[in-house]
Amino acid sequence: MNINQNLKNEIYFVIPAYNEGMELIKVLDNLHENGFSNLIVIDDGSTDSSALNITSLNTKINNLVLLEHVINRGQGAALKTGIDFALDCDDCKYIVTFDSDGQHRLSDLHHFITELEIGTCDIAIGSRFINPESKKNIPFKKKILLKGALFVTYYLSRNWFTDTHNGYRVMNKTAARKINISLDRFEHASEILNEVVVNKIPYKEVPVIIDYTEYSIAKGQKISNAIKILVKMIFKTN
Amino acid sequence: MDSLTIIFAILSVVMIGYIIYSTSKSKRISLLSEIFYILIYLVVFLVAVFPKFFEEVAELFGVYDLEKFLILGGIFLAYVLIFQMYKQTEIQRGEITALTRQIAYLKHSSKKEIIGKNKK
């Protein structure tokens, strides 16, 4: 499906960022060049020049919104800040959660939009385990971690997902209003899936390819984080 | 009564007095916490003064040594307190995040206002 400009104008990207530097600028430039101008960047208390870089882009991208967390609160908190902001925008039809480290491909977006446009779901969730090609990209350690997370998410939500920690999602406003992100850090990814199940939000998993770079791997989750996520989720559900 | 018993009894009475004094001065400590801490020192006082009674209580729980019983009780209490603290920090974490979010929105809207005024 080709996303026409009218529809592009109704798509809001929510991009949490923490010390992303020039990577974030590349992501924003790419989105802008492809006709997406509703970009909400949440600077989550960066200590580098991220906020300054974004401000310099303001003249180029008209609808670029920069929301600044004065202190670092985590990706989950940043996403909620951005999603709540997007919900207040009248012309917003779809909200895209998009990573700022350049891992996500814009070319995958049409998979999500197609599902939402034909009405099969209210939220489309990216999965790197559907397309056999994309599976090859995943580093071994990451694969083990992600597979382990599937069992944890199943235990907590009683639902099998193929990829529980994929930050690429597209949702309409109905779904966004129902999903309450209360966990601030990386555990929000499991929480979102839990909310989808609990609130019976129609969902669809769509194939995506994640581009792993040295930069994104270094910024990614570690095994110690996985344990923290497990503890937080158990406390949250009980 | 041996000297250690007297020391413990006096210490616990002093601590109870201190808790009542601090809570009356600072309204930040809740009544429930005040009662909780007073109870702890009351137990210390009673153990010091009536050790025989508490030995019998310990035996009821299958522990035939008062010291061990007190240590186990202390560990149990410590875990309860740690959990309470965890709960409190989680509540405060949520409040800090909500506040950070509000500041982000306010900062953004005030910036928009300034830009709007400059354009005029």
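## Chain B at a glance

Let's start with how chain B holds on to itself: among its contacts with a separation of 6 or more, 47% are between residues 24 or more positions apart. Keep in mind that this is a predicted model.

What is chain B built from?

As for burial, 8% of the 120 residues in chain B count as buried.

## Two helices side by side in chain B

Now zoom in on helix 1 (residues 3–25) and helix 2 (residues 31–49) of chain B. They pack at an angle of about 165°, and their axes are 8 Å apart. That angle makes helix 1 of chain B roughly antiparallel to helix 2 of chain B. Their crossing is left-handed.

Which residues meet here? From helix 1 of chain B come B:Thr5, B:Phe8, B:Ala9, B:Ser12, B:Val13, B:Met15, B:Ile16, B:Ile19 and B:Thr23, while helix 2 of chain B brings B:Glu34, B:Tyr37, B:Ile38, B:Tyr41, B:Leu42, B:Val44, B:Phe45, B:Ala48 and B:Val49. Sorted by class, this contact has 14 nonpolar, 3 polar and 1 charged residues.

## A helix pair in chain A

Over in chain A, have a look at helix 7 (residues 140–157) and helix 9 (residues 188–198). These two pack at an angle of about 35°, with 10 Å between their axes. Helix 7 of chain A passes helix 9 of chain A in a right-handed crossing.

On the helix 7 side of chain A, the contact is made by A:Val152, A:Thr153, A:Leu156 and A:Ser157; on the helix 9 side of chain A, by A:Ser190, A:Leu193, A:Asn194 and A:Val197. The residues in this contact of chain A divide into 4 nonpolar, 4 polar and no charged.

## Where the chains touch

Finally, how many residues of chain B are in contact with chain A? There are 10 of them, and they are in contact with 11 residues of chain A. On the chain B side, the touching residues split into 3 nonpolar, 4 polar and 3 charged.

Conventions
Residues numbered from 1 in each chain as written. Chains lettered and ligands numbered in written order. Predicted model: local features only at pLDDT ≥ 70, side-chain atom pairs only at ≥ 80, totals over all residues. Axes fitted to C-alpha atoms, helices over the stretch in contact; angles between N-to-C directions. Helix = DSSP H or I, 4+ residues; strand = E, 2+ residues; numbered from the N terminus. Parallel < 35°, antiparallel > 145°, perpendicular 65-115°, else oblique. Left-handed = near helix turned anticlockwise from the far one by under 90°. Contact = placed C-beta atoms within 7 Å. Nonpolar A, V, L, I, M, F, W, Y, C, P; charged D, E, K, R; others polar. Buried ≥ 20, exposed ≤ 12 C-beta atoms within 10 Å, placed from the backbone.
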